[in-house]
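Morning, everyone, and thanks for coming. Let me put it on the screen.

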Amino acid sequence: MNNQPDTTVKESKPKSKGCLISFLIVFGVIILHIAAIPLIVEVIDHIPRTVDTQTNGQYTVELQATSSPDWPFGSQDGEIVLKENNKKISSVGFVLSNDGKSMGDENWNVEWNDESVVVTIMGEEQQDAIYILYYDGEVSY
């Protein structure tokens, strides 16, 4: 029996870097998701939403919001779409200055004519804007 103290040096194993790598991956994914939220909100906000529809039987004209009003009292993007039997003939974009309020059916007036539809866009902070959408696809304003 040997009564001498054990003087052997134990070799230390290198610590696993797996935990650190896993943490960095999870942290990176979280940061990417947080950074992507404003982009996702912006994309969703620009999906056209039909606010109101008018028809004369054969033709339909739609008032669409293509964004939300800029915060706090800004303008809002929109589009007027003319369709015949649910097939798009023409469209025209516009900006509504309405004191930051969301677009509604009170922001337009539709007048049907023999060869066109006349749409007047009205906002609290703008002059009336008149758009003429012809049934042959032409647009004037």
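The secondary structure here comes to one helix and eight strands, where helices (H or I, at least four residues) and strands (E, at least two) are DSSP runs numbered from the N terminus. Going along the sequence, the pattern reads α-β-β-β-β-β-β-β-β.

A word on the ground rules. This is a predicted model, so local features need pLDDT of at least 70 and side-chain atom pairs count only at pLDDT 80 or more, while totals for chains, interfaces and linings use all residues. Residues are numbered from 1 along each chain as its sequence is written, and side-chain values use heavy atoms, with hydrogens and water left out.

Let's take the helix. Helix 1 covers residues 18-45, which is 28 residues, and it reaches 40 Å from its first C-alpha to its last, close to the 40 Å expected at 1.5 Å a residue (the expected span is 1.5 Å times one less than the number of residues). Helix 1 also bends by about 35° at Ala-36, with Pro-38 following within four residues; the bend is the angle between axes fitted to the seven residues ending there and the seven starting there.

Now, how accessible is Phe-27? Phe-27 sits in helix 1 and, at 44% relative accessibility, counts as partly exposed. For the cut-offs, buried means under 20% relative accessible area, exposed over 50%, and partly exposed in between (1.4 Å probe, protein chains only). Of the 141 residues in the chain, 28% are buried.

On to the rings. Rings of Phe, Tyr and Trp (its six-membered ring) pair if their centres lie within 6.5 Å; planes under 30 degrees apart are stacked, over 60 edge-to-face, and the rest tilted. That rule gives four aromatic pairs. In one of them, Tyr-59 and Tyr-135 have ring centres 3.9 Å apart and planes at 10°, so this pair is stacked. The pair links distant parts of the chain, 76 residues apart: Tyr-59 is in strand 2 (residues 59-65), and Tyr-135 is in the loop between strand 7 (129-134) and strand 8 (139-140). Tyr-59 is buried at 10% relative accessible area, and Tyr-135 is buried at 13%.

Next, Phe-94 and Tyr-131: their centres are 6.2 Å apart and their planes at 45°, so they count as tilted. Phe-94 lies in strand 4 (residues 87-96) and Tyr-131 in strand 7, 37 residues apart. Both are buried, and Phe-94, Tyr-131 and Tyr-141 form one aromatic cluster.
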